[in-house]
Amino acid sequence: MLDDPLRYHGDQAAHDADLDFAVNVHGTTPQWLQDSLAAALGELAAYPSAQLDAEVRAAIAAGHNRTADEVLLLHGVAEGFSLLPHLGLPATIVQPQFTEPEAAFRAAGVEVDSLVLPPPYTLTPTLADAPENASSPHSRQLESRMVIIGNPTNPTGVAHSADDLRGLASRCGILVVDEAFMDVADGEIIRRCSLADCRPGEANTIPDNVTVFRSMTKTWAIAGLRCGYALGHPELLAQLARRRPHWPLGTLQLTAMAAIAQREAELLPQIRAEIGQQREAMTQLLRGAGWQVLDSEAPFVLACPDAALSTHDGPGAAEVDVVKHERLRQRLAARGVAVRRCDTFAGLDGSWWRLAVRDDASVRRLVAEVADLLSQN
């Protein structure tokens with residue numbers, strides 16, 4: 001049993017694993033980033049620099065064609081979710097979705113409900129009849145609520161179009177878009193789906209009631225440092241930050257963010273290409289082994305090794321298959337292979353695993369380990 005399913009994350013599954021598909025961190029911390037952090041160690045006696053904070057916000061803003069007052073630096077995107085209840089609106093979370101937003105609202109005692117999308121987990125055509133698909137009658141009044149959605153969504157990998165998101169924003173009080181994985185999406189997906197960048201001359205601008213969260217921890221392998229930011233209208237960001245303590249980010253976080261902002265435009269195209277190639281190869285390998293794998297625009301895929309496991313028919317068959325998948329996951333973990341269980345996500349069950357994109361050798365080992373375990377049944 002899980003103590004709190006909403007607080008369960010991939011790092012718990014990855015603990016002590018020698019092959020990790022559970023955590024969506026890309027590679028290892030780049031040497032240039034380690035060098036920047038090492039050079040800042042001598043500055044730790046001083047309080048974090050307001051000037052450095054301003055410089056980081058300006059650099060990030062320039063990357064999104066925004067102004068510095070449209071950027072709020074965060075102690076990881078998780079901090080951003082913890083601040084959302086202070087905006088004073090009840091929330092509707094578009095599910096399946098990362099569980100921290102719901103956990104934050106429940107911890108704050110603020111009303112929260114879910115809009116659970118059916119497969120294939122897209123807003124279209126569901127957007128047209130969202131009230132009928134909501135799990136709570138509160139969702140029939142989105143205009144008075146905050147709506148939270150991932151893009152690409154964790155764990156489904158679905159990318160929602162910017163047009164659909166603008167349509168959703170027109171129906172709710174505040175729209176929060178979690179773009180934690182958008183920086184490594186394909187360039188065309190970014191152009192068509194992201195609301196992070198202001199693009200002068202385009203007919204459809206970003207509505208003032210939209211806030212976008214971005215993460216720096218996964219792509220640059222600094223999950224232990226907690227670095228992220230919010231983009232949005234200055235007044236909305238000021239409301240979001242009004243209860244924060246002074247010096248919310250430390251010197252090493254600001255240093256890392258400054259270094260990343262300086263290098264990411266140069267380095268991200270290669271990282272995107274690498275992840276895209278690995279994801280395609282991984283999907284083909286898994287499907288070739290009889291797995292069900294959903295299309296994804298993220299650095300992970302939603303997969304189910306169901307061909308050999310879903311063998312029951314009749315009443316209770318689905319429950320039997322879920323139990324078999326969970327036992328398989330536990331046996332994999334005993335062999336040092338970690339996958340992310342998905343029964344903690346609304347709209348999914350334990351037959352699904354979220355798998356971080358990994359290289360060919362790692363995927364082949366996963367397939368071989370699963371095949372070996374199944375052969376022993």
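A cavity here is a set of points, on a 1 Å grid over the protein atoms alone, where a 1.4 Å probe fits but cannot get out, and its lining residues have an atom within 4 Å of a point. Grid points are joined across faces, edges and corners, and a volume is the space filled by probe spheres set on the points.

This is a predicted model, in which local features need pLDDT of at least 70 and side-chain atom pairs count only at pLDDT 80 or more, while totals for chains, interfaces and linings use all residues. Residues are numbered from 1 along each chain as its sequence is written, and side-chain values use heavy atoms, with hydrogens and water left out.

**Exercise 1. Find the largest cavity and describe its lining.**

Step 1: Start with the count, which is one cavity of 30 Å³ or more. About 40 Å³ of space lies in the largest cavity.

Step 2: Among the lining residues are Val-94, Gln-95, Leu-117, Ile-149, Gly-150 and His-160. Strands E3 (91-95) and E5 are the elements that give two or more residues to this lining; strands are DSSP runs (E, at least two residues), as helices are (H or I, at least four), numbered from the N terminus.

Step 3: Sort by class. The lining has five nonpolar, five polar and no charged residues. Ala, Val, Leu, Ile, Met, Phe, Trp, Tyr, Cys and Pro count as nonpolar, Asp, Glu, Lys and Arg as charged, and the others, Gly among them, as polar.

**Exercise 2. Which residue forms a salt bridge with Arg-57?**

Step 1: Recall the rule: a side-chain nitrogen of Lys or Arg within 4 Å of a carboxyl oxygen of Asp or Glu. The whole structure has 20 such bridges.

Step 2: The partner is Asp-53, with the closest N and O atoms 3.0 Å apart. Both sit in helix H3 (residues 50-63), and because they are four residues apart, about one helical turn separates them.

Step 3: Arg-57 is partly exposed because its relative accessibility is 22%, between the limits for buried (under 20%) and exposed (over 50%), with a 1.4 Å probe and protein chains only. Asp-53, at 24%, is partly exposed too.

**Exercise 3. Are Arg-145 and Asp-113 buried or exposed?**

Step 1: Their side chains meet in a salt bridge (3.5 Å, N to O). The pair, 32 residues apart, links the loop between helix H6 (130-133) and strand E5 (146-150) to strand E4 (residues 112-116).

Step 2: Arg-145 and Asp-113 are both buried.

Note on methods
On a 1 Å grid over the protein atoms alone, a cavity is a set of points where a 1.4 Å probe fits but cannot get out, and a pocket is an open set with protein on both sides within 12 Å along at least five of seven lines; lining residues have an atom within 4 Å of a point.
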